[in-house]
Amino acid sequence: MKPFAYQRPDSVAEAVRMNAERPDARFLGGGTNLVDLMKLGVESPGLLIDVSGLPLDQVTATDEGGLRIGATVRNSDLAAHRAVRDRYPVLSQALLAGASGQLRNAATTGGNLLQRTRCPYFQDTSKPCNKRTPGTGCPAREGVHRDLAVLGHSEDCVATHPSDMAVALAALDATVHLHGPEGERAVPVTELHRLPGDDPGRDTVLRPGELITEVVLPPAPGGSASLYRKARDRASYAFALASVAAVLTVRDGRVQQASLAFGGLAHRPWRARAAEDVLRGAPATEETFARAADAELAAARPLRDNGFKVTLARRLTVGALKELTARAG
Amino acid sequence: MDTTPAKDERDAGRLTPADDRSTFTLHINGTAQTLTLDHRTTVLDALREHLGLTGAKKGCDHGQCGACTVLVDGRRANSCLLLAVAQQGSRITTVEGLAEGDRLHPLQEAFLERDALQCGYCTPGQICSAVGMIAESADGFPSHATPQEALADDGPVALGPDEIRERMSGNLCRCGAYPRIVEAIEDVAP
Amino acid sequence: MSHAPQPLGAPVVRREGREKVTGTARYAAEHNAPDRLYGWIVPATVTSGRVTAIRTADALAVPDVHTVLTHENAPSLGETDDPILAVLQNARIPHRGWPVALVVAETLEAARAGAEALHVDYETADHDVVLTADHPRLYTPEEANGGFPAVRERGDAEAALAAAPVTIDATYTMGGLHNHPMEPHASTARWTEGHLTVHDSSQGSTTVRDTLSKAFGLDGSQITVLSRHVGGGFGSKGTPRPQVVLAAMASRHTGRPVQVVVHRRHMAALVGHRAPTVQRVRLGADRNGVLRAVSHEVATHTSRVKEFVEQAAVPARVMYASPHSRTAHRVAALDVPSPSWMRAPGEASGMYALESAMDELACALGVDPVELRLRNEPSAEPDSGRPFSSRNLAACLTEGARRFGWHGRDPQPAAREEGPWLLGTGVASATYPVLLSPSAASAHAAQDGSYTVRVNATDIGTGARTVLAQIAAAALGTAQENVTIDIGSSDLPAGSVAGGSSGTASWGTAVHKAATALVRRLGEGGTVPPEGITVTADTEEEAAEESPYARHAFGAHFAEVAVDSLTGEVRVRRLLGVYAAGRILNSRTARSQFIGGMVMGLGMALTEGSTMDPAFGDFTESDLASYHVPSCADVLDIQAHWIDEDDPHLNPMGSKGIGEIGIVGTAAAIGNAVRHATGARLRELPLTPDKLLPYLP
């Protein structure tokens, strides 16, 4: 780890200004991933701008009936928030399925979105990795890749995004608000993370110096039920092999509205729109659910050793949708 | 206390190059400690290498084992991932700060009584984590193990074995003392 | 003090417990000295080859970096018994992760930054790192670990298998496993006036002292190695590790105390692993399930540095009666990190295979798996023909079956559902040898009626201090509170390593002998002089004596699993062990050890595995986020019970070892239960969801 300067800005504007002056600056939230990566030598900022004390730590109602989540709201506080538990249980469940109590107490909403892949090659600076050092190659493709991507990967990168929270946000059509040197903008969370393509070094569409200030949830669809289901290698404190976030509205035995996202399968939380197209208006049956999963997973291109993820995602999807339907029942 | 004042004095008396270190105060177990530290120094290393408080353990240094768990403003955290410079003003409690004089904290007593430890290396982290965890549950924070129906309730979450196991899963124990740890916590939890 | 003597076996609270729960117990990296330096190990980043250049200028330019030690400037070491300790001696790279430098700095931060700034150039050679069942480099060694003959044959196993009415022929595969004690390997070394003092996280500091003595050409009296508190080891600290040599080297070089801690990510390569195995087990039986032939053939790997052969076929020489038997090991020396001891080396791997095969045979025959084992109880040790000093496997199986509620079990696989869960139960036997190593101890009587016992035992979490106090107190006829126990220093009478489940027996025999001699001295009359009376004893003779008996602990493990029919995630709902391990000397700490072994066995079954990366020659799961030791949520209802054994052929305490048997057979019991739950016979560990998915409804 190289020495770095440390600053605590008083406002978002100041934070953004500080960052604009130093191309080697990074924003520090809870630090649960950034400090980890600095110790690994993957990140080596010259300046840390500690945004964890900025007044972005509130969860408030929006005029439209949604929720506005400050970027520094800690994962444990967000998961416990009354409105989240009542109206967006999928988000609460996703947060609680991730990491540990200690990590959730520290990790922030903005930081969780921006956490980086746990691909073992990315984390080891002694090995090639196109994401970490562009142009060096991707040894994961032919190497040890059981935990890596089956959807949307490229020749250059097969990394997965590790967040559980982001998968729920993707299914909830959240919007991410950004402040940068060129002003403010909002990006749908489903468009925040990129696919790797031939530029895997960039995880997101964030422009240099942009800071996530808040995440806004639209009102939960009336009559909807939601849940998050994750499969992992040990009972707790493990990343997803595959996960699904599902929001479903069933009326008179038919799917009225469905929103579905996968975790652990791709370089970004994978919003399953092809599956949703199959679901919408169709009878809420196991047969429909399987067809929907297949429609989405037809695009999967598993690597030598991770084909099981396709099966797992399919089963999780059918299971989650059945459970939500039974609840609506 | 086995502190190392020499190093701190040396640092304090030196011209700091550019801006890679700061002088600041940490509040540890009720005592204000003013230190000049490299910005890279984590709370864990500040405790262990600068303050002689070696109760918090370094098992992995990456937030993957929980041996370094301390309480920050009453909430448990992995001190290996907290930069000390970012914790100015926080109140930090380590395992050394739990007992009152010779009187052990009830969780320390329970761990002894239940033999909820073997090598002891994860133990301080387990105990600090349990203190924080019991408070979180009392404050109504849910966990992955909290039943759906209880999520609607704002009150304290009852700490049965399943809740304790899930909530304590951020603290690895390679000796496999988990069953005893759960029993010890059950003895103390409301 | 007026405590009554307590019988051996009493649940005495562990002596150092208070220090551990208050955080005042100091481990090897916690002996702060104001002028201490920090060493950071720089691992090789190629798999095979040599260092062609190390450019240290940038590292030395990092503020607060003091020194960089490499093979170019490090002192020459004398030869030790273990070639993994010959670090910084030459340019050769035998495997990825081999230390190529030690960066020494005033602060931890600077040491790490210095290591990052070091430039090492390599010349690489081709490498070969993946073990296969038919690897061309497999050969039959002279011996397997523990000094066991690599091959043993009785009768004609091939012919008996060919003639047997019922046969099983199955191959079981395990990747590498890692000990990962919670305390990383650490040493703090200091030279003062020609004396080297080291705090080392070791399972046996006498061995560490002797090794340092050879490496640095010192007399043993010039070295003190202290291991007062050790944060687990499970075999990985049973032999000295490179950090102790590097810390001593750097301390001598700099003239200051130096602390070296192996980073968790470097542990996978530097401190040993359970070697991967491919095990073919063939059983031939008559239609009643009486075995005619047992064949257990093991293929495993070792490194280019040393030969270590996981003795996985050895338990098959102990377990079941059969007129024909073949047990054999082959090993391939690959460009991989050196394997070493991990909890129950040999037995843990071997009994996974053998006890899975026994379950397969039970299924093939339609015989209850408990009954099948009972039908094959030998009257003497099958391999040696020696009588057992005691063998209560049958009692463990019977008692376990009763406690577990085994009777009436429907053998039909995949026939029990509870909501989304598929339920099943399984059983497996366990065994672990009784070992005894020479140790010495002294017993001292003070004028005030108190006693002090000194022995270089090591408490790695077993409760050694406590149980040795109990042994001494029983021999002295006093209360254990009256006995001070001094352990954990190589200046004490030499003690053997805390390994092979032999610690308590070995140290305890010496303690008992010294205490008994002291009682005799005191009984000769006269008063205790002001300086007290000290008696010493050693057990060279007892340890050298070959027992006419086959001495082993036995046990039975019963598991109930629930397999998520949607995801293939496996939960062990119940795990119950019953052990016959001689006399249990402290029921409280013994229970903890048994349960701890079972938890590690659960990890071996379900969550743990290290993948050898074919391209890079390292283990992919190099941290605790990816190497999944069981978490609290993985461990549900675990019970350990034991059968009282009165075995006069062991040692004065009548004890067998208990530290390892809990892991033996546990993975097989869980695997057998998974088969019962799902119908899927999986023969490769760990049983992660990817392996179960193809078999789910």
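View 1. In strand 10 of chain A, V244(A) is the bridge partner of R229(A). The model is predicted: local features need pLDDT of at least 70, side-chain atom pairs count only at pLDDT 80 or more, and totals for chains, interfaces and linings use all residues. Residues are numbered from 1 along each chain as its sequence is written, while chains are lettered from A and ligands numbered from 1 in the order in which they are written. Strand 9 of chain A runs antiparallel to strand 10 (residues 242–251) of chain A, and seven bridges join them. Strands are DSSP runs of E with at least two residues, and helices are runs of H or I with at least four, numbered from the N terminus. Two strands pair if DSSP finds at least two bridges between them.

View 2. The order of the four strands in chain A is 9-10-11-12, with antiparallel pairing. Strand 9 (225–231) and strand 12 (270–271) of chain A each have a single partner strand, so one side of each has no neighbour in the sheet.

**View 3. Two helices packed on the sheet.** Helix 5 (residues 89–96) of chain A touches strand 9 and strand 10 of chain A; its direction makes about 20 degrees with that of strand 9 of chain A. Helix 13 of chain A touches strand 9, strand 10 and strand 11 (254–263) of chain A, and its direction makes about 30 degrees with that of strand 10 of chain A. Axes are lines fitted to C-alpha atoms, for helices over the stretch in contact; angles run from 0 to 180 degrees between N-to-C directions. Contact means C-beta atoms, placed from the backbone, within 7 Å.

**View 4. Where chain A meets chain C.** Chain A gives 25 residues to the contact and chain C gives 26 residues. Helix 13 (residues 308–328) of chain A supplies the largest share of the chain A side, six residues.

**View 5. Two domains of chain B.** The assignment, automatic or from a database, gives domain 1 (5–97) and domain 2 (106–188) of chain B. Their centres, taken over C-alpha atoms, are separated by 25 Å. In the contact, 16 residues of domain 1 of chain B meet 14 residues of domain 2 of chain B. Strand 3 (69–72) and strand 4 (75–78) of chain B each give two or more residues to the domain 1 side. Strand 3 of chain B gives the most, with three residues.

**View 6. Contacts of V103(C).** Leaving aside neighbours within four places in sequence, V103(C) is in contact with residues including W40(C), V42(C), A59(C) and L118(C).
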